[in-house]
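Try each one yourself before reading on.

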Amino acid sequence: MPELEVKGKKLRLDEDGFLQDWEEWDEEVAEALAKDTRFSPQPIELTDEHWKIIKYLRDYFLKYGVAPPIRMLVKYCKKEVKPDCNLQYIYKLFPQGPAKDACRIAGLPKPTGCV
């Protein structure tokens, strides 16, 4: 089982780089997950736009217990991140997509159907 060390603490990850315990997540963990190239072909430098999406994903998960549907994420992105946001733009921010990269960096459990 892979691990990620943050602030001297070893966090357990699954084979795709998702935290085994989503409650261990904080912003420093997100930064470390974004930079970890074991699970993404390139490191992601988190910007304000990334953080808005990450925080939305976490808030939605805390309220409903699942990641939001893609349509809701795009709708949120258009309203709060960028008026012309679309799925292609979200893939620009998170190259492996909202389920694989964004949810992983947000510390959420792996979404159903995620590769």
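**Exercise 1.** Work out in which sense strands β1 and β2 pair, and over how many bridges.

*Solution.* Keep in mind that this is a predicted model. Start with the ranges: β1 runs over residues 3-6 and β2 over residues 9-12. Their pairing is antiparallel, with four bridges. Next, look across the pair: Glu3 sits opposite Arg12 of β2. Finally, check the turn: the hairpin leaves two residues between the strands, and Lys7 has a positive phi near 55 degrees there.

**Exercise 2.** Find the buried residues of helix α1 and say how they are arranged around its axis.

*Solution.* Helix α1 spans residues 27-35, and its buried residues are Val29, Ala30, Leu33 and Ala34. They share one side of α1, because the arc they cover around the axis is only 135 degrees. The general rule behind this sort of pattern is that an α-helix has 3.6 residues a turn, so residues three or four places apart point the same way. Now see what lies over them: the cover includes β1, β2, α2 (48-64) and α5 (97-105).

**Exercise 3.** Decide whether Ile70 is buried, partly exposed or exposed, and list its contacts beyond four places in sequence.

*Solution.* First place Ile70: it belongs to helix α3, residues 70-80. Its relative accessibility is 38%, so Ile70 counts as partly exposed. Setting aside neighbours within four places in sequence, Ile70 touches Leu87 and Pro98. As for Leu33, its C-alpha is 21 Å from that of Ile70, with 37 residues separating the two in sequence.

Methods:
Residues are numbered from 1 along each chain as its sequence is written. This is a predicted model: local features need pLDDT of at least 70, side-chain atom pairs count only at pLDDT 80 or more; totals for chains, interfaces and linings use all residues. Side-chain values use heavy atoms; hydrogens and water are left out. Two strands pair if DSSP finds at least two bridges between them. Buried means under 20% relative accessible area, exposed over 50%, partly exposed in between (1.4 Å probe, protein chains only). Contact means heavy atoms within 4.5 Å. The arc is that of the directions from the helix axis to the C-beta atoms.
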